[in-house]
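Please look through the assembly shown here before reading on.

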Amino acid sequence: MIDALVILLVLFAAWTGWRVFRVDSMIRATFSLMLSFISVGAIGVLLSAPYIGVATVFMMAVEMMVMGIFMVMFMMNPAGLNPMMMVHQHKLSIVAGVLAALGLGAAVLTTTLPTDPVPGETDVVSDLGHELLGPSMLIFETAGVTLLATMIGAVVLSSRRGRYGQADEGSRPPGLDPGGPPAGRQPEGEGGHHHHHHHHGGH
Amino acid sequence: MTLTIVLLGAAALIGIGLYGALSQQSFVMLMMGLELMLNGALLAIIGLWSLALGGMPEGQLLAIIVMAVMAVEMSIGFALIVAVYRKRQADMTEALGTLKG
Amino acid sequence: MSWLARLAAGAPAPVYPVIGEGAQPRVERLFASAALERAQSPRAAALLLVSGNIPEAHREALDRVHDQVPRPRLGLHWEGDDGIEERLLDAWRTLCAGATGDADRLPDEPPNPWEGEGDFGQGGEGMMGGVPYGRPMAMTGEDVRDGLELDRYTARVGPFAPMLPPGLVLEVTLQGDVIVACDVLSPPYPQPEDADDPALCAARMLRLLGLPGPADRLIRGGAAHAIGARRAIPRGLGRLENAGDARMRFADALRGRNGGAADGIFDTLIGLEWSEAALALASVTPSALRQAALEVA
Amino acid sequence: MATLLVIAFWTAASVALALALSRLQNRTSAPQAAPFLGGGTPDTHAWQRYHFRAYTMTLLFIAFEMEMMFMYPWAVVFVSEGLKAMAEMGMFLTILAVGILYGWREGVFRWE
Amino acid sequence: MTTALLVLTLASTLAVGAWLGAWFDRLAPLLYGGRAAGPLAPLRAGAAALLRPRIETEAPDRMNARLAPGWYLALAAAGLSVVPFAPGAALIETPVGIVVWGSCEALTIVAVFLHGWSPNAPFPLIGAYRYAAIGLPVMLPSMFVLIAAALPAESLSFTAIVESQREVWNIVRQPLGLPLFLIVGLTLTLRGPMDFADAADIAGGTSAEDSGPGRALWQGARLAMLVSFSAVAATTFLGGPLGPALPGPVWLWIKTAAIMALTVAVGHGVARTTPSRMLTILWVVLLPLSFVHLLVSGVLAL
């Protein structure tokens, strides 16, 4: 029974992971990735890792929300109103992906895996707690410092006011092709998309 | 048996993630590929910890570290994207080539 | 009549009010006291209450709002006569009993022809071009606040938008929810002096602050019991010469005093977030706002 | 396993309800389908590269939020580990609070 | 057998609770000088919404537009499932109950965002993004409050949190907890001062383009979430099913109704500030307050 559920969840995780690169809408892509994480979390819950499993869902829901916001901010055509594929070196990537999966899969199948499941009565959450406060105390505090560095780095990089003046001074968007007009910008003058002439009435 | 399924699933996720990370032109989509690979790693860690390592607490800690890596990667990655976009309004890996000029 | 319809007929009639010239105070008083539900958008309404004269230039806008009420729908005119509550309730019961209601007024044409055109028959071309599903996509442009140049969304809001004074049509350009450009296309309708009643002015602000209950009570002549209403308005919002800021004008209105002129209020909107802009516009009296709009329009 | 089955059951029931209710639909005309702007019209689709004004805050948030992962197991052993647990978590949170203070100083906790 | 009974109890608690919440919404004007409506009013309003047709906006994300209210409702039901109805009798008996509830909170942000994203219309879109900006940082006080409640229980499960309150309820030994958690509840149920998704200045925000059954389901899910949140708050701070004489479920229902009434009353009487200011308040006032709350609870638990 557990095996059947695990198979289902693994298939779902792989399918939603695949959909990430196949849907047009960035929001659908992001939340498809979130579903992939959720099914991994569900496998964790099945395999007696309740804390790690549920916490994966919790963390990933939040992170994917943020990811979706940034996907929409920086992708052209974020909702996929025009279907599109924005890929390069496509064949090479497919080959690399398939080879990686096959190689890892073969390694899994040829290795004799040890069998030593979690003893049924362990309280895995408090185990983890004691581990954090005892033997792995340094890892725990190092993680704190790393996160602090991340927070400061993220603020420094992304906010406009820098120590050396405004971060966007003298910026100009690059073209889609080298030397072309700025990408995604309303073209100036004639020869553009004439958006403003397409309005229907009402104003 | 269960462990084999889980590890094969992890291999598939890593493969799909690798494909995404290599093929996508856009930074943000590239990060999705990376996240998917980390997702595979997470799945493998959970499987191994639960079925092959007898529930040693370090395994759970490792899973948490993987998630922390994801958070750090996302936070710094998006901050970089904002910084680059502010400078050049570029959101694609290829467009970055013009940054050299 | 099914049991569901019979149950629904007893509900307060969901009405979206369209306020014309000279009708603002009476419509606001009507909804503060009657057993009606003032819908926030026509999607939630079944009845359209048109009150006061609508200028010919806004006929199409009126028709659009009318069509945006889902079918079956009924439109009613009200010129201030008694018994409007009964008429609305009757109309609602008729609809619940299965009446077909009014037909669409605008022709069923997409804003731009798109069907079958473009790369995938969706009307678009390439990545960002064309008119997918009838409309072009937004393009990037300058930002007034943090300089991150993302898409600008331009739309005309009004004349019957619930958060703006009736008649006011703003052509706003938003980046995110921040106004980066704003033009007055049409000033608010002239309203009787009664519309400047401090109680009505304060009630409009309370509604925007998410306090419809205290707003209704204020209109009926009671005192508004609400926590933090004054302090919820940011300090310095919509500051004008000789007339203080929005927080001060709101406090004055609660004390029964009217503010003065509102010249220059439209210049303060640039760079404001949308809810701040709505609060700033609601903080001045309709007559002062009309004067200010006539000067810039 | 019961956890998963229960949640799957609620999800399936809710989705079925949502789909059943979305069947009752009128044909929508083009002006009716246009977004509601109080009678006005938009130039473009509303879906856009949306300028989310709190973006720096969200970056700081996902880094800070990781601390929760450590705090849950900490809470379970807090009483048995006593002051040691208090001191270690105190240090951890103090380190992260520096990041928040820095973000506050840089003004990221408001619309940019 | 017990499971089937618990599923039925839960479903009826959600349904009856949603009706009660809707009635409280119509009684709340009494507090602020308005007129109240009878107990049938919520049913009538629900029937009126169900009778109206659905309309579809221009080029919407059809799948998400249809499913978003369903996700919201599912999250409310999943959240309620971790609440014990009698000491030791929760539908989901897990050692990590508060993390499950935390996941429901996090996914609620996603559901509300999808609801605002899917119609492809400006006001719902603005509401969705505002909600993301406010909903994310609200998670922090929520987690601090629940972790503080887990300290004396030495467990993350709600059953243990209930057990730890046999002597004295958490509302007494952790007095800051309930006010902080109430803010979380107002955010989760899109109410009053924290209703940044469905606000009046954006014509109803994420539900501005909703009509008919979709609207009814969304409002119903909001009320169901109110029930779940109140049940969780009652379990965390008021001892859940503990109480003399009456059986456990009855106590839980009474306490849940009390928290619902409190949430509705606050939601109808407190003004909503602008999202930018609320964001600052969350990080600069509420987050330090949650730190203090955790510290005090920790010292008291030792």
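Domain bounds, as used below, come from an automatic or database domain assignment. This is a predicted model, in which local features need pLDDT of at least 70 and side-chain atom pairs count only at pLDDT 80 or more, while totals for chains, interfaces and linings use all residues. Residues are numbered from 1 along each chain as its sequence is written, and chains are lettered from A and ligands numbered from 1 in the order in which they are written.

Chain C is divided into domain 1, covering 3-96, and domain 2, covering 139-297, and the centres of these two domains of chain C, taken over C-alpha atoms, are separated by 24 Å. Across the boundary, 15 residues of domain 1 of chain C are in contact with 16 residues of domain 2 of chain C, where contact requires that the C-beta atoms of two residues, placed from the backbone, lie within 7 Å. On the side of domain 1 of chain C that touches domain 2 of chain C, at least two residues each come from strand 1 (13-19), helix 2 (24-33) and helix 3 (59-68) of chain C; helices (H or I, at least four residues) and strands (E, at least two) are DSSP runs, numbered from the N terminus. Helix 2 of chain C gives the most to that side, with six residues. By class, the residues of this side of domain 1 of chain C are six nonpolar, six polar and three charged, given that Ala, Val, Leu, Ile, Met, Phe, Trp, Tyr, Cys and Pro count as nonpolar, Asp, Glu, Lys and Arg as charged, and the others, Gly among them, as polar.

Taken as a whole, chain C has nine helices and ten strands, and its C-alpha trace spans about 60 × 60 × 35 Å along the principal axes. A compact globule of 297 residues would have a radius of gyration near 19 Å, and the 21 Å of chain C agrees with this; the radius is taken over C-alpha atoms, and the globule rule is 2.2 Å times the number of residues to the power 0.38. Of the contacts in chain C with a separation of 6 or more, 58% are between residues 24 or more positions apart.

Chain D has five helices and zero strands, and although a compact globule of 112 residues would have a radius of gyration near 13 Å, chain D has 24 Å. The C-alpha atoms of chain D fill a box of roughly 65 × 45 × 20 Å along the principal axes. Of the 112 residues of chain D, 64% count as buried, and of the 297 residues of chain C, 58% do; a residue is buried if 20 or more other C-beta atoms lie within 10 Å of its own, exposed if 12 or fewer, and partly exposed in between, with C-beta atoms placed from the backbone.

Which chains share the most contacts? Of the nine pairs of chains in contact, chains A and B do, whereas no contact joins chain B and chain E, whose closest C-alpha atoms lie 15 Å apart. The contact between chains A and B takes 68 residues from chain B and 75 residues from chain A. Helix 3 (57-88) of chain B is one of the elements supplying at least two residues of the side of chain B that touches chain A, and helix 3 of chain B gives the most to that side, with 23 residues. This side of chain B divides into 43 nonpolar, 18 polar and seven charged residues.

For chain E, an unreviewed UniProt entry lists, among others, residues 129-151 and 278-301 under "transmembrane region"; such annotations may be inferred rather than shown by experiment, and their positions are given in the numbering used here, with feature names shortened. Residues 129-151 of chain E are 100% helix and 0% strand, with end C-alpha atoms 34 Å apart, and residues 278-301 of chain E are likewise 100% helix and 0% strand, with end C-alpha atoms 32 Å apart.

Finally, consider one residue of chain C. C:Leu272 lies in the loop between helix 7 (246-254) and helix 8 (274-282) of chain C. C:Leu272 is buried because 25 other C-beta atoms lie within 10 Å. Not counting residues up to four places away in sequence, C:Leu272 touches C:Ile179, C:Ala277 and C:Ala280.
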